[in-house]
Amino acid sequence: MNINHESHAISRRSFLKASGVVGAAGILAACGGSSSSSTAASSGATSAPNTTGAAPLKEFISWEATNRELESWNMLYTQMASDMNVTTNLWEGLLSFDCYGKAVPSVAKEWSHNDDSSVWTFNLRDDVDWVDVNGEVKAHLTSKDFLVGLEWVLNAAKNQANNTSMPNETLVGAADYYQKTSDMGDAAADLTYEDMLAAGVGVEAPDDYTLVFTCKAPCPYFDTVAAYTSFYPVSEDLITELGIEGFRACDYTNMWYNGPYVVEEFISQNTKSYIPNPNYYGANDVSRFDRFTVTMISDGTVTFQLYQNRELDEMDVGESTLTTIQADPNSEYNAQLCEKRPKKYSYQMHFNYQKNNDDGTPDDNWNKAIANTAFRQCFYKGLELTNWYARTNKINPLKCENDYYTMPGVCYNTKGQEYSTLVAKEMGFDKESYDGKTMIRLRANNGDIADLKKQAMDELSAIGVTFPVHAAYYIIAGNSTALDSATVLKQCFTDSFGDDFIVLDIKTYVSSLTQEVRNPQVQSFVINGWGADFGDPVNFVGQEILHDDNAYYSWYYSNIAKIVEAGPADWQKDLVAAYEEFTDLVNTAKAIVDDTDARYAAFAKAEACMLNNVLACPCYFDVSWTLTHANEYSKINAMYGPCNYKAVNWETSEEPYTTEQYEEFAAAFDAATKA
Amino acid sequence: MAKASDFEGKKQDELFYFVEYSPEEAERIGYSNYSYWGSVIQNFLKQKVAVFCLILFLALTVFSFIALAIGKYDYTGLISDTSKAFIKPNSEYWFGTDNLGRDYWCQVWYATQVSIRLALVVAVGESIVGVIFGLIWGYVRSLDRFFTELYNLIDNVPYIIYMTLIALMVGQSFWIMAISMIAINWLSMARRVRNMVFMFRDREYNLASRCLGTPLWRVLTKNILPYLVSVIILRMALSIPGTINLESTLSYLGLGLGIDTPSLGLILSKVRGFFLDYPYLLVFPASIVSIISISFYIMGNALSDAADPRNHV
Amino acid sequence: MLKYTVKRLLQSLVTIFLIATAVFLMMRCLPTDYYFTEEQLMKFTDQQKTAALEAAGLTDPIPTQLIKFYNDLLHLDFGTSRRIQNGAPVVKVIGKKFGVSMRLGLTASAISLVLGVLMGILQAAFKDKVFDWIGTAYTVFVNAVPSLVSYSLVLVLGSKYLGFPTLYSTRNVSASSVLPITCLSLASIAGYALWTRRYMVDELTRDYIKLARVKGLSSREIMFKHVLRNAMVPMVQYIPQSILLTVGGSLLMERFFSVPGMGPLLTDAIQRYDLNVVQTLVILYAVLGIVGVFLGDVLMMVVDPRITLTGKEEAR
């Protein structure tokens, strides 16, 4: 698992059936305050936002790794974040997000819901047009296009089951309609949106610019759901023109655009460049680049060279580049190193409670050890990861420390308190703050786990566990960065646990973690990032509970659900009991639908229970450094939705940003979010 | 032969004398103590550069063991400590340290052993398999069509496909790598051998040999094989840099050796990103690779000349 | 000649058929779960997976799939790509990349042919002199250093000290092609030089050369009219093949310089289980290889009229 790439992080857009929340969830306080980077949107200016007085760039060159090359241009069809990062610039849906992660108008200019948040009404703009690749208007966008889009997604013959989980879980009748088209086979290709409406799917268009969704259950965060690609519009004329096969496989030459940019040039594995869409409805509201180019780079080692040649306007500074820069005190780049915001993923160490050996027999040595509470607590309370964090963030390693399960920023209660601060309170960490010296969760006992270790070894030796316990950790073969990180992690294990206790074995897979590691259950743990789908803690902790078919991690990573189903062994009784307790707490929290504060407090309690039992061990946030001509804090930064790579309203500078400027941005941003 | 010194101080009449007739001497047949391999070695030893290369290579191999023994750090006990990253070579770290602050000396020499072992195993393996099948391919006419198609099949399907499938379905380890490389490379050796066998198969001396009832394997091993030795040796020597190169490419693609067997190719592909700032990281392993490859190139040429019977006196 | 060509063509078709079948079967050895992306594996139920596999015809028995594959091949239908570029016809996907690789490959071939042969001639002419040693050292060194390293050196040195663009760009094709072409040429110059020298040196000891010298021909005349002409005979056989194969793209070079060519396509396609692309590529490479060998034979015949292909012994 390469912690320096986002590609392995996972954002699952799935819903828990029973969730029902009342009250405003998951939305930040209003965008405003000291950072002026948000002003452009409201002022109607077309010039780029500017806080430093620097000359903004007219053209911008960014980059992407070659293994994240676009595979499909079809926003409705693709499930890959790497594709959405491209198409979000070309194709817009109901809502977008701002730099604080708050949902903002896009094609929908305003939206509202009924009293119990089960019926949502979106009023659309009347000035949105579809254009072709040359920017010529092809059609006018109306509410019908959203119906056509939804029908496409739900129709198994058309979208081949992609992106169905979001609407299926929330909208009335959606799952039934999907099942119907699935049963019909190829014949379903003839169905239209009228058939979908007739089948009773919870969506309707009273007029050309109004769209009404009906949810299965109260869903106060439905606006964040509707921002997802499953609900994107498409023109019926385009589908007619291209045919079903043709539209599914549409590319930039024949698709229709309603986003800020159109594609100027696309060369697979080399470049993409976008130029402004001349008929973009928001042309007067947002600033855009005259040209935005994304260069594909296969090898991180050349990015510094490219940045120095200005073949790139931003780059991620890896460990080796950082060492190089810092080794030369005269290097101008020393003053230009900028720390980014955390990526939107909360990385956890997901233990495997039912590990197999390579030959398929159960590895009971590990299984017994990991079922022991004291053994697991050693990970949370004793694993000192500073050196490992330094692989991601060499300057401030501890900025990467993650002590909780839910990603901070996913939701706020009515007092404006961020959810993870509630968990911190439950854990007794609320008085502690980042000091750059020690990990917060290790402060209590100075990270000394001698007692826990002794307890674990005594208890486990009694049931026949031999020490050291070997933990198998899989990385992708041939990636030296991943291997280096794993080597450092192994060293952290040695330093924290001692080689007589737990030893990390680094192993490799060739192509697919799912195929080669998780399905045969040969891993001891997987370190994985989870990105939010919507603004409620249930999206996070709900993945770990028992007795729920949608609890993803329980089924596919920890395999605890399988253990419970098959009946736990004697030595797993405590573990299962802890899981049951945690599950009960989550279910209690889920049942609170009339009081957001109480609901979040209950979730915080559940999460604390999970963390105290170390059912999964929080690992890190991806906070890295950059050399850049763009202000990260002006970019869209939503915890969910496909919009983060939309290149609008970016603040840029001809001169590279300096460390000081970035610190100011960060302070202004923090002040604005706390306001 | 008489030397001038033999005649010094001898009188005129002592210079000439009669030789007595001896029937045994008269019957003696001129005997040359020619031995094929003896001549090969003799000819090879005449080529000073090649001998130097041989010694250099042997010394390198031996030294890779000594180096690990005398090194201050043990490969298996390396500790990563980023505060010691990128230390230039000094008396503590003879080759400096890598990006994780681990001693580079023991890594390089350990990898050297792995690479040499892999290259030799592959070279010997492909030669043995290639020669055996090449002889059969060339000699047994009815199998020609079969082998030709097999050759086309294996040669025209990019090796990446085989390597990916093997890595996915069998796994990655030293021996899997070695065997799969042999499995792909033997054909080109076999092809060369086959072409040579074609040339010699129907020469008169073989015809005569067959008429006298010499068994097939004897015709192959005694009549034909010696002509092929030079070709085989050259091909073998040149396959060694080829193996190292291919291995580094495969490592770059993640299809190489497992992570617990570091090869020079693996090290080289890893240090690519640092070498401009820390040239020593590239210089040491690249020099060793070059020494191995160049030695074999020169040795191969010399040995191949020496092995050619036409060059024997 | 015509009869021979037809026979040769038929044989090649059999070979290509065998190769296509082998690749088809090999790719079917992989578990079908590789068909899905990690995200699909995560989100799809088993039922959805089966449906997707059925839609792609992957659940049919292998013989059925094979017959369909042959049928499509007969109609020159190579199918559509699934992951490389969703839904695009494979021919279109490859076509775009083919042009780029071809341009670079042909340029590099031309350069290395001229430089390599020239170097070989000079080495032979000044055998055992300084230039010969330098040339041999270059040849040996290029072969000894793994291309991974030499390409990195070219990339970094070329962009840092000579100021060439690092990445291939369609806006500035000529400047950004310099480094990729340098990389491609490095090894092939060495190859051509090596063999030119070798064959010329062999030729120089022949009796007819001695005669030519005795007759008083100038060194230059001997070199170009006699030695080179004869030394080229064994070489020309390999030239078409090596040119055609450079068209196939270089995996490492194209990765390094982000060249949108054919080189990385095959590995990408295998890793993404894009079967149609893999099959088409392998068939394409096989055709290139076979055509290359055939052209080589023809070229050899042209250069040396004594050689005939229609004789009872095939020229190899």
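Tutor: Chain A has 24 helices and 21 strands, where helices (H or I, at least four residues) and strands (E, at least two) are DSSP runs numbered from the N terminus. This is a predicted model, in which local features need pLDDT of at least 70 and side-chain atom pairs count only at pLDDT 80 or more, while totals for chains, interfaces and linings use all residues. Residues are numbered from 1 along each chain as its sequence is written, and chains are lettered from A and ligands numbered from 1 in the order in which they are written.

Student: Why does the radius of gyration of chain A agree with that of a compact globule?

Tutor: The radius is taken over C-alpha atoms, and the globule rule is 2.2 Å times the number of residues to the power 0.38. For 675 residues a compact globule would have a radius near 26 Å, and chain A has 25 Å, so the two agree. Along its principal axes the C-alpha trace of chain A spans about 75 × 65 × 50 Å.

Student: What makes a residue of helix α11 of chain A count as buried, and which ones do?

Tutor: A residue is buried if 20 or more other C-beta atoms, placed from the backbone, lie within 10 Å of its own, exposed if 12 or fewer do, and partly exposed in between. In chain A as a whole, buried residues make up 56% of the 675.

Student: How do you know that chain C touches chain A, and how many residues are in contact?

Tutor: Two residues are in contact if their C-beta atoms, placed from the backbone, lie within 7 Å, and 36 residues of chain C are in contact with 37 residues of chain A. On the chain C side, the largest share, 6 residues, comes from α2(C). That side divides into 17 nonpolar, 12 polar and 7 charged residues, where Ala, Val, Leu, Ile, Met, Phe, Trp, Tyr, Cys and Pro count as nonpolar, Asp, Glu, Lys and Arg as charged, and the others, Gly among them, as polar.

Student: Which elements of chain B give two or more residues to the side that touches chain A?

Tutor: In chain B, 24 residues are in contact with 21 residues of chain A, and the elements giving two or more are α7 (159-169), α10 (216-252) and α11 (264-271) of chain B.
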